[in-house]
Amino acid sequence: MSCDDAHCITCGDDGEPERVLAIDEARGLALCQGQDGARESVEIALVAPLTVGDTVLVHAGTALARLTDADVVV
Amino acid sequence: MRYVDEFRDAALGRALAGEILGAVEPGRHVKVMEVCGGHTHSIYKYGVDDLLPENVELVHGPGCPVCVIPMGRVDDGIAIAREPGVILTCFGDMMRVPGSTGTLLEAKAQGADVRMVYSPLDALRIAKANPDREVVFFAIGFETTAPSTALTLKRARAEGVTNFSCFCNHVTIVPPLRALLDSPDLRLDGFIGPGHVCTVVGARPLEFICADYSKPVVVSGFEPVDILQSVLMILRQLADGRSAVENQYRRVVPYEGNLRALEVMAEVFALRPHFEWRGLGFISHSGLKLSDDYAELDAERRFAVPGVRVADPKACQCGEVLKGVIKPFECKVFGSACTPERPIGTCMVSSEGACAAYYNYGRFARERVVV
């Protein structure tokens with residue numbers, strides 16, 4: 001997830017598929033990993049409940065959708 | 001990653017280009033607006049334009065969150081950043097948007113504490129790590145980003161973080177689309193709908209485009225094959241004489257959107273009576289502010305904000321570009337006085353801005369055509 005000179009993905013309304021690695025239900029956060037291998041804490045209130053291994057669409061640190069299609073693999 | 005490779009497949013793209021050629025009515029010039037800046041970026045990056053017949057024209061819409069911020073709001077953000085003890089946080093592209101006296105990046109160089117964040121949650125973390133400072137999040141974006149801000153404000157309240165506030169510049173997509181459709185400047189035949197905004201609001205809010213204006217809409221993904229497929233779906237609707245909202249991006253967008261996101265936005269935000277858009281002027285009910293219930297987290301109530309309207313530079317034609325009336329290269333200052341390194345207008349700032357996208361990718365194609 002980058003926000004460098006070339007492309008600000010938040011400003012660009014981009015959504016990035018990320019895989020859920022761990023879930024902190026008490027804090028409503030999940031540790032997620034994107035395609036580039038970078039990990040970040042993601043707000044999951046809009047898509048909970050999740051399980052480890054799920055794929056979510058992340059924008060601005062928030063999971064907006066759970067990608068249920070079995071073909072979507074990060 | 002699967003589902004990316006397939007949607008960048010060159011053979012699929014060429015096959016769709018052939019189908020588009022067969023679907024377009026000979027002799028009819030079709031103008032399709034891609035609403036979202038993310039689509040504009042993909043169109044130029046992957047050369048989607050080059051795969052379309054001459055009589056299918058893509059017109060770039062107002063859906064780049066950075067590009068529609070008026071100069072006065074940038075000035076307000078800089079004024080907040082210069083308040084003693086303030087840390088102003090914002091997304092990367094926002095730092096380079098020119099106000100009347102400079103950018104947030106220049107304010108930072110002059111001593112203001114301006115920090116780039118990837119999410120509102122990052123801004124809240126900065127607030128918690130600096131309890132003796134006032135941390136303000138400069139919120140921009142359409143309905144894609146607004147839920148993230150709303151959830152962070154709820155979290156700030158729940159965790160009792162009192163040194164955090166939000167300078168809210170969130171906007172909504174439907175009012176500017178209606179304004180464009182009512183504009184006499186522009187004749188459009190169909191719309192490529194904003195995929196990630198629709199992840200939140202669903203496709204239903206776009207139905208007015210079909211019901212009131214009889215134009216087809218296809219909610220689209222962001223890969224080149226997505227966009228080509230969406231153009232084809234629009235052309236087929238036109239050929240059939242239909243106008244409906246179709247969802248090409250079903251692998252991500254539920255037709256009804258994300259109801260929880262809509263609930264949290266309704267709790268935290270309220271519609272402003274009107275909000276200024278760069279180049280488009282004031283549009284009724286197009287901007288969000290914090291609701292009265294969240295007033296204590298509203299930076300506009302916590303700090304003295306000048307709130308002065310600033311006219312766009314005369315040389316800048318971002319308004320016409322945002323409305324799709326002119327192409328980026330038709331602007332008087334495109335590529336000369338206005339470049340991504342030293343932008344005059346907002347459309348040259350973000351890579352989703354039509355001018356920056358065209359400068360970075362499309363200008364070479366145009367040069368090729370001219371030669």
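Predicted model: local features only at pLDDT ≥ 70, side-chain atom pairs only at ≥ 80, totals over all residues.

Biologist: In what order do the strands of the open sheet in chain B stand?

Modeller: The order is β2-β1-β7-β8-β9 in chain B, five strands with parallel pairing. At the edges stand β2 (56-63) and β9 (245-247) of chain B, each with a single partner strand, so one side of each has no neighbour in the sheet. From one strand to the next the twist averages 25 degrees.

Biologist: How many bridges hold β7 and β8 of chain B together?

Modeller: Four bridges, in the parallel sense, link strand β7 (residues 190-194) to strand β8 (residues 217-220) of chain B. One pair to find is I192(B) with its bridge partner V218(B) in β8(B).

Biologist: Which strands does α10(B) lie across?

Modeller: It lies across β1 (30-36), β2, β7, β8 and β9 of chain B. Relative to β8(B), α10(B) runs at about 165 degrees.

Biologist: Let us turn to the core. Which residues touch the most other members of the largest nonpolar core?

Modeller: The general idea is that nonpolar side chains tend to be buried together in soluble globular proteins. Here the largest nonpolar core has 137 residues, and those touching the most other members are V56(A), I20(B), V32(B), V231(B) and C355(B). Helix α10 (residues 224-240) of chain B gives the most to this core, with nine residues.

Biologist: With which residues is C355(B) in contact, leaving aside its neighbours within four places in sequence?

Modeller: The contacts of C355(B) are V321(B), P328(B), C331(B), F334(B), G345(B), C347(B) and M348(B).

Biologist: In which sense does β4(A) pair with β1 of chain A, parallel or antiparallel?

Modeller: Antiparallel, over four bridges, with strand β1 covering residues 16-24. P17(A) stands opposite L57(A). Strand β5 (residues 62-67) of chain A is also antiparallel to β4(A), joined by five bridges, and there the partner of L57(A) is A65(A).

Biologist: What do β4(A) and β5(A) form?

Modeller: They form a hairpin with two residues between the strands. A60(A), in that turn, has a positive phi of about 50 degrees although it is not a glycine.

Biologist: Is A60(A) buried or exposed?

Modeller: A residue counts as buried if 20 or more other C-beta atoms lie within 10 Å of its own, and as exposed if there are 12 or fewer. A60(A) has 30 C-beta neighbours inside 10 Å, so it counts as buried. For contrast, take S214(B), another residue other than glycine with a positive phi, near 55 degrees. S214(B) lies in the loop between α9 (207-213) and β8 of chain B, and with 10 other C-beta atoms within 10 Å it is exposed.

Biologist: Where is the cis peptide bond?

Modeller: From A48(A) to P49(A), with omega near 5 degrees. P49(A) sits in the loop between β3 (39-43) and β4 of chain A.

Biologist: Now the helices. How many residues of helix α2 of chain B are buried?

Modeller: Eight of the 10 residues of α2 (residues 37-46) are buried, and the helix is mostly covered. G37(B), H41(B) and Y44(B) are among them. Just after α2(B), G47(B) takes a positive phi of about 70 degrees.

Biologist: What distance does α6 of chain B reach?

Modeller: Helix α6 (residues 146-158) of chain B reaches 18 Å from its first C-alpha to its last, close to the 18 Å expected for its 13 residues at 1.5 Å a residue. Its buried residues include A146(B), L151(B) and A156(B). After α6(B) comes G160(B), with a positive phi near 70 degrees.

Definitions and conventions. Residues numbered from 1 in each chain as written. Chains lettered and ligands numbered in written order. Core = buried A, V, L, I, M, F, W, Y, C linked by C-beta atoms within 7 Å. Contact = placed C-beta atoms within 7 Å. Pairing = 2+ DSSP bridges. Expected span 1.5 Å × (residues − 1). Axes fitted to C-alpha atoms, helices over the stretch in contact; angles between N-to-C directions.
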